Amino acid sequence: MDNFASADAFLAHSAPERPVLAVRPHAAARAARWFLDHFPGEVAYAYKANSSVFLLGALYGAGIRHFDVASIPEIADAATIPKARLHFMHPVKSRVMIAEAYHRYGVRSFALDSLDELEKILTETGHARDLTLWVRLAVPAIGAKMPLDRKYGVTPDQAHALVLATRRVAHELGITFHVGSQTEQPSAYGVALGAVQRLIIEAGVVVDRLDVGGGFPSRYADGEPSPLPAFMDAIRTGLAKVSLPEHCRVMCEPGRALVAEAESLIVRVDARRGDELFINDGSYGTLFDAAHMGWRFPVRLVGRAAAPNAQARAFSFWGPTCDTIDHMAGPFVLPDDIGEGDYIEIGMIGAYGRAIASRFNGYGHYDEVILRDEPMFSLYGAASSPADATVGEAAAVARDDALVAGA
């Protein structure tokens, strides 16, 4: 795949008809190294976030060997990675999926959140004695953009019996939880680990594995999460209060935090109507979160410089399909001289954008390119916090906030 110094350098050589996924493997590798260096345990990449071979290669090259997988296609794909250790962390699986994961792909690590699921796993693995079984505990979603506690996880009042039943049959007993996606408050992990401690004491069990899940945030244009070191501090403090044996191994499952900033999207403006821009990708493509979750991804005009007298203006986007819900309200702040034929780079779509994109209405086809420059926002690079941001980035953030407020 071709690689360029930046989106501008790419557009100097091309006028793409299709939207372009711009991959920055170096950003994924940097994020992985940071987690491996700072998390007090093993790091399992959440495969569902992005399965680009370039990003997987970067994560693997940085040292990632554990992978959180949630389906047979993910398992089949991840199983081709040398020395990969796969953890089937979806709490509800069909019997066929369990059997295929165990017998065909050698998966020995399974999550569950009910006695029914435990029975399925035991039956379909032939009551195997080499299983690592993770009981998923429901914990409060504190400061999460996408709470997950209502769908999965055994409630504390039911966890006691499930943990005891699992302990009797598991080679290794694990407890896992998920504080919710894009969690911006480190205290969520402390609260969850407090719930784990209460469960261990009440059930009186020895725990071999503890998984603090994912939920680690990335930076977007509409918020500033706590710095990642604060999350590590909260986890270490919480772990120190949990009654864990010396042999217990700790794991986390970052997805968004490893790949969000490692991919952006280059789109073309096909029409402008006032402060509405019609672009060639949208909610049925990589911009699902912008449409349905209201997330503001960072944007910038690429391929040409704005006119010297251009002012900042807030725009909304329409995607290319015929569906009227293909709309991203934003606001997305761009120069007011933008128009048909211009290109926009939309940052931070590396987490779930590629994975969610569909072929509805015949769209959903992308070109790809590797870019060597820095992401628009980063929790790991030079601009990792407001205090460290460049003058230009700080001014852009202040300008965007003023426009959103109607100033």
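Predicted model: local features only at pLDDT ≥ 70, side-chain atom pairs only at ≥ 80, totals over all residues.
Student: Why is Arg-304 called partly exposed?

Tutor: Its relative accessible area is 30%, and with a 1.4 Å probe and protein chains only, buried means under 20%, exposed over 50%, and partly exposed in between. The value of 30% falls in between, so Arg-304 counts as partly exposed.

Student: Which residues does Arg-304 touch, leaving out those up to four places away in sequence?

Tutor: Arg-304 touches Asp-8, Asp-337, Ile-338 and Asp-342, contact being defined as heavy atoms within 4.5 Å. The C-alpha atoms of Arg-304 and Leu-11 are separated by 8.8 Å, although the two residues are 293 residues apart along the chain.

Student: What makes Trp-34 and Tyr-380 an aromatic pair, and why is the pair called edge-to-face?

Tutor: Rings of Phe, Tyr and Trp (its six-membered ring) pair if their centres lie within 6.5 Å, and planes under 30 degrees apart count as stacked, over 60 as edge-to-face and the rest as tilted. By this rule the count comes to 15 aromatic pairs. For Trp-34 and Tyr-380, the centres are 6.1 Å apart and the planes stand at 65 degrees, so the rings pair and the angle places them in the edge-to-face class. Trp-34 lies in helix α2 (residues 25-38) and Tyr-380 in the loop between β19 (367-371) and α13 (391-404), so the pair ties together parts that are 346 residues apart in sequence. Trp-34 is buried, as is Tyr-380.

Student: Why is the pair of Tyr-45 and Tyr-47 called tilted?

Tutor: The ring centres of Tyr-45 and Tyr-47 are 6.5 Å apart and their planes are at 55 degrees, so the pair is tilted. Both tyrosines are buried.

Student: How do you know that Arg-219 lies over the face of Phe-377?

Tutor: A charge sits over a ring if NZ of Lys or CZ of Arg is within 6 Å of the ring centre and within 35 degrees of the ring normal. Arg-219 lies over the face of Phe-377 at 4.6 Å from the ring centre, and the charged end of Lys-93 sits over the ring of Phe-88, 5.6 Å from its centre.

Student: Which residues have the most contacts inside the largest nonpolar core?

Tutor: They are Phe-35, Ile-344 and Ile-346, in a core of 112 residues. Helix α8 (residues 187-203) gives the most to this core, with nine residues. A nonpolar core is a set of buried Ala, Val, Leu, Ile, Met, Phe, Trp, Tyr and Cys residues joined through side-chain atoms within 4.5 Å.

Student: What makes one face of α3 the buried one?

Tutor: In α3 (residues 53-62), Leu-55, Leu-56, Ala-58, Leu-59 and Ala-62 are buried. Seen down the axis of α3, these residues fall within an arc of 160 degrees, so they line one face of the helix; the arc is that of the directions from the helix axis to the C-beta atoms. On the other side of α3, Val-53 and Gly-61 are exposed.

Student: Why is Met-348 called buried?

Tutor: Its relative accessible area is 1%, which is below the limit for buried, so the term applies. Met-348 is found in the loop between β18 (343-346) and α12 (353-356), and has a positive phi of about 65 degrees although it is not a glycine.

How values were computed:
Residues numbered from 1 in each chain as written. Heavy atoms only, no water. Helix = DSSP H or I, 4+ residues; strand = E, 2+ residues; numbered from the N terminus.
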